[in-house]
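Visitor: Hi! I'd like to walk through a structure with you, if you have a few minutes.
Guide: Happy to. Let's bring it up.

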Amino acid sequence: MTKEKNKFERIAFVASDVPEAIEARKALIKRYGKTDPADADAIVALGGDGLMLQTLHRFINDKIPTYGMNRGSVGFLMNDYSEDDLRERLAAAEISRIHPLSMIATDSAGKAHKSLAINEVSLFRQRYQAAKLQVAIDGKVRLEELICDGILVATPAGSTAYNLSVHGPILPIKAALLAVTPISPFRPRRWRGALVSNKAHIAVTVLEAEKRPVSAAADHFETRNVVKVEIEQARAIELYMMFDRNHGLEERLLAEQFSY
């Protein structure tokens, strides 16, 4: 990635559909100009974490660094909003390099659906009955039967999102690990998940799929009635997220572990 040390003269602005984000985009374009994302040195995303993820997905193969400014609610992946000194902030920003997850979800008709996830891949029960899942790591079955509401595989970048809400571990951004976390496990009740290598191939097979249908989601891309989901890190794809100095993703993940 060669754009770390330039002056970020060409900035593209994208915004969510909330009024605060739309007005911020207008103000920033007036001040810094308008550039098409394909020609930009950096993309500035104005909104919340959802908009940041959408922007990263939209330009996932373009290797353009993305800098978020919070015009949404939580904003864990965003920087504070300010119209001042934007080019200087971009030039001084820390860059976190992350790899998404690749999901191949095979449905009951035998069709394979491929998607990428920056935060996590999740499987959920579709009806009132709990899901029955079998979990294999690198071709070896590690859990013969998990009865649960679902299961997810989270990246370090996504470990403070849904993964943390279902009591999964927070992973340092540079950790070569993925979190495999159950959602409301019933049997085995005491299984709290596992940490696996980020080079691992994870396969989740749906047992009794007709009786207990399951959906799978890679971030916000959902596939219904899956019978098997295969997950691994997409190591050939590298994304670049920019954060103000001393407020980078590594610091945020560390600070989150000491918050209460």
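Visitor: Which element gives the most to the lining of the largest pocket?
Guide: That is strand E4, with five residues. Keep in mind that this is a predicted model.

Visitor: And what other elements give two or more residues to that lining?
Guide: Besides strand E4 (94-98), there are strand E11 (177-183) and helix H5 (249-256).

Visitor: How many residues line the pocket, and which lie nearest its centre?
Guide: The lining has 23 residues. Nearest the centre are Ser96, Arg97, Ile98, Ile173 and Lys174.

Visitor: How much space is in there?
Guide: About 390 Å³.

Visitor: Let's switch to aromatics. How many aromatic pairs does the structure hold?
Guide: One. The partners are Phe124 and Tyr162, with ring centres 6.0 Å apart and planes at 25 degrees.

Visitor: Why does that pair count as stacked?
Guide: Because the cut-off for stacked is planes under 30 degrees apart, and the planes of Phe124 and Tyr162 are at 25 degrees.

Visitor: What is the relative accessible area of Phe124, and how does Tyr162 count?
Guide: Phe124 has 26%, so Phe124 is partly exposed. Tyr162 has 28% and also counts as partly exposed.

Visitor: Which charged ends sit over rings?
Guide: Two to look at. The charged end of Arg71 sits over the ring of Tyr81, 4.2 Å from the ring centre. The charged end of Arg187 is placed over the ring of Phe186, 4.5 Å from that ring's centre.

Visitor: What about the peptide bond from Arg187 to Pro188?
Guide: That bond is cis, with omega near -10 degrees. Pro188 belongs to the loop between E11 and strand E12 (194-197), and E11 is one of the elements lining the largest pocket.

Visitor: While we're on backbone angles, what is phi of Asp138?
Guide: Near 50 degrees, a positive value in a residue other than glycine. Asp138 lies in the loop between E8 and strand E9 (140-148). With a relative accessible area of 54%, Asp138 is exposed.

Visitor: And phi of Glu208?
Guide: Near 55 degrees, again positive and in a residue other than glycine. Glu208 is in the loop between E13 and strand E14 (214-218). Its relative accessibility is 36%, so Glu208 counts as partly exposed.

Visitor: You mentioned E8 and E13. How many bridges join them?
Guide: Six, and the strands run antiparallel. E8 covers residues 131-137 and E13 covers residues 202-207.

Visitor: What joins E13 to E16?
Guide: Four bridges, with E13 and strand E16 (residues 226-233) running antiparallel. There, Ala203 has Glu230 in E16 as its bridge partner.

Visitor: Last topic: helix H2. Is H2 mostly covered or mostly open, and how many of its residues are buried?
Guide: Mostly covered: seven of the 10 residues of H2 (residues 49-58) are buried. They are Asp49, Leu51, Met52, Leu53, Thr55, Leu56 and His57.

Visitor: What do those buried residues pack against?
Guide: Strands. The buried residues of H2 pack against E1 (11-15), E2 (42-47), E3 (66-70), E6 (112-117), E15 (221-223) and E17 (239-243).

Methods
Residues are numbered from 1 along each chain as its sequence is written. This is a predicted model: local features need pLDDT of at least 70, side-chain atom pairs count only at pLDDT 80 or more; totals for chains, interfaces and linings use all residues. Side-chain values use heavy atoms; hydrogens and water are left out. Two strands pair if DSSP finds at least two bridges between them. Rings of Phe, Tyr and Trp (its six-membered ring) pair if their centres lie within 6.5 Å; planes under 30 degrees apart count as stacked, over 60 as edge-to-face and the rest as tilted. Buried means under 20% relative accessible area, exposed over 50%, partly exposed in between (1.4 Å probe, protein chains only). A charge sits over a ring if NZ of Lys or CZ of Arg is within 6 Å of the ring centre and within 35 degrees of the ring normal. Contact means heavy atoms within 4.5 Å. On a 1 Å grid over the protein atoms alone, a cavity is a set of points where a 1.4 Å probe fits but cannot get out, and a pocket is an open set with protein on both sides within 12 Å along at least five of seven lines; lining residues have an atom within 4 Å of a point. Grid points are joined across faces, edges and corners, and a volume is the space filled by probe spheres set on the points.
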